[in-house]
Amino acid sequence: MGLSNNDIFKKLRVALKLRDDDIIKICKLVDFNISKSELGALFRNEDHPKYMECGDQILRNFLNGLVIHLRGPMPKKSTEQKKK
């Protein structure tokens, strides 16, 4: 069986040494709000009563925010760019 979204999220968190506060800030970069308790539920073991499955939307928003966090925002496309 492959990795779940929760597994991917956990591995990224560990590899990038991200704290919950960092993840919350990264998600806010794409206007996606997630609470510390929701994050805690995502990172619990599957057999824990408060475990929550990480949906595609959560992981997608985190990854989109992570791109901005690591690379910076995309430059605005201007119609006034100099054409040579």
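A charge sits over a ring if NZ of Lys or CZ of Arg is within 6 Å of the ring centre and within 35 degrees of the ring normal. Keep that in mind for the first close-up. This is a predicted model, in which local features need pLDDT of at least 70 and side-chain atom pairs count only at pLDDT 80 or more, while totals for chains, interfaces and linings use all residues. Residues are numbered from 1 along each chain as its sequence is written, and side-chain values use heavy atoms, with hydrogens and water left out.

**View 1. Arg13 over the ring of Phe43.** Arg13 lies over the face of Phe43, at 4.2 Å from the ring centre. The ring of Phe43 has a partner too, and the next view turns to it.

**View 2. Phe9, Phe43 and Phe62 are linked by ring pairs into a cluster.** Searching the whole structure turns up 2 aromatic pairs. Here, rings of Phe, Tyr and Trp (its six-membered ring) pair if their centres lie within 6.5 Å, and planes under 30 degrees apart count as stacked, over 60 as edge-to-face and the rest as tilted. Phe9 and Phe43 make an edge-to-face pair, 5.1 Å from centre to centre with 70° between the planes. Phe9 belongs to helix α1 (residues 5–15) and Phe43 to the loop between α3 (36–42) and α4 (56–71), so this pair ties together parts that are 34 residues apart in sequence. Helices are DSSP runs (H or I, at least four residues), numbered from the N terminus. Turning to the rings of Phe9 and Phe62, their centres are 4.6 Å apart and their planes at 35°, so the pair is tilted. Because Phe9 lies in helix α1 and Phe62 in helix α4, the pair ties together parts that are 53 residues apart in sequence.

**View 3. Asn5 and the buried side of helix α1.** Asn5 is found in helix α1 and is buried, with a relative accessible area of 17%. A polar atom of the Asn5 side chain lies 3.1 Å from the backbone oxygen of Cys54. Such a polar contact is a pair of N or O atoms within 3.5 Å; within protein, one must be able to donate a hydrogen and the other to accept it, and residues adjacent in sequence count only if both atoms are side-chain atoms. Leaving aside neighbours within four places in sequence, Asn5 is in contact (heavy atoms within 4.5 Å) with Cys54, Gly55, Asp56 and Leu59. The buried residues of α1 are Asn5, Asn6 and Phe9. They cover an arc of only 100° around the axis, which puts them on the same side of α1; the arc is that of the directions from the helix axis to the C-beta atoms. On the other side of α1, you will find Lys11, Val14 and Ala15 exposed. Among the elements covering the buried residues of α1 are α2, α3 and α4. Just after α1, Lys17 has a positive phi of about 55°.

**View 4. Asn61 and the buried side of helix α4.** Asn61 sits in helix α4 and counts as buried, at 14% relative accessibility. Its side chain reaches the backbone oxygen of Gln57 at 2.8 Å. Not counting residues up to four places away in sequence, Asn61 touches Val30 and Phe32. Which residues of α4 are buried? They are Ile58, Leu59, Asn61, Phe62, Gly65 and Leu66. These cover an arc of only 160° around the axis, which puts them on the same side of α4. The face of α4 turned away from its buried side carries the exposed residues Asp56 and Arg71. Cover for the buried residues of α4 includes α1, α2 (20–28) and α3. Just after α4, Gly72 takes a positive phi of about 95°.

**View 5. Arg44 in the loop between α3 and α4.** With 30% relative accessibility, Arg44 counts as partly exposed. Arg44 and Lys10 are 34 residues apart in sequence, and their C-alpha atoms are 9.6 Å apart in space. Apart from residues up to four places away in sequence, Arg44 touches Lys10, Lys50 and Tyr51.

Technical notes: Helix = DSSP H or I, 4+ residues; strand = E, 2+ residues; numbered from the N terminus. Buried < 20%, exposed > 50% of the residue type's maximum accessible area, 1.4 Å probe, protein only.
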